[in-house]
Amino acid sequence: MAGSFEDVRELGESELRALLDRGRPEERVWAIWALALRSGGADVGELAARAEPDAGVRRNLAIVLAGHGHLELLVALAHKD
């Protein structure tokens, strides 16, 4: 269990992906941000394809998509919502 974004940012990629699957909503948001920052936005397409049940996490994912210029993925995410 991670207590802050700083804690999550220090995790390895496999640990971040585990948080995406089993973490609390705020941990999933932190994992999305950490992965997007590390990859320069290259991984966000994969993240957008996930079935995310929490609206707040999806909202943050939309911000990450928009911030990295993935407008088609942003529109697809909006259509699914």
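Predicted model: local features only at pLDDT ≥ 70, side-chain atom pairs only at ≥ 80, totals over all residues.
1. A residue counts as buried under 20% relative accessible area, as exposed over 50%, and as partly exposed in between.

2. Ile63 sits in helix H5. Its relative accessible area is 45%, so Ile63 is partly exposed.

3. Now the inside. The largest nonpolar core has 19 residues, and those touching the most other members are Leu16, Leu20, Ile32, Val44, Leu47, Leu61 and Leu65. Two or more residues come from each of helices H2 (13-22), H3 (25-39), H4 (44-48) and H5 (55-67). H3 is the top contributor, giving six residues. As background, nonpolar side chains in soluble globular proteins tend to be buried together.

4. Leaving out residues up to four places away in sequence, Leu16 touches Val8, Leu11, Ala31, Ala34, Leu35 and Arg38.

5. Then there is the pairing of H5 with helix H6 (residues 71-80): the axes are 8 Å apart and the packing angle is about 160°. Angles over 145 degrees count as roughly antiparallel, so that is how H5 and H6 run relative to each other. The crossing of H5 past H6 is left-handed.

6. Which residues meet there? From H5 come Arg58, Leu61, Ala62, Leu65 and Ala66, and from H6 come Leu73, Leu74 and Leu77. By type, the contact has seven nonpolar residues, one charged and no polar.

Notes. Residues numbered from 1 in each chain as written. Heavy atoms only, no water. Core = buried A, V, L, I, M, F, W, Y, C linked by side-chain atoms within 4.5 Å. Buried < 20%, exposed > 50% of the residue type's maximum accessible area, 1.4 Å probe, protein only. Helix = DSSP H or I, 4+ residues; strand = E, 2+ residues; numbered from the N terminus. Contact = heavy atoms within 4.5 Å. Axes fitted to C-alpha atoms, helices over the stretch in contact; angles between N-to-C directions. Parallel < 35°, antiparallel > 145°, perpendicular 65-115°, else oblique. Left-handed = near helix turned anticlockwise from the far one by under 90°. Nonpolar A, V, L, I, M, F, W, Y, C, P; charged D, E, K, R; others polar.
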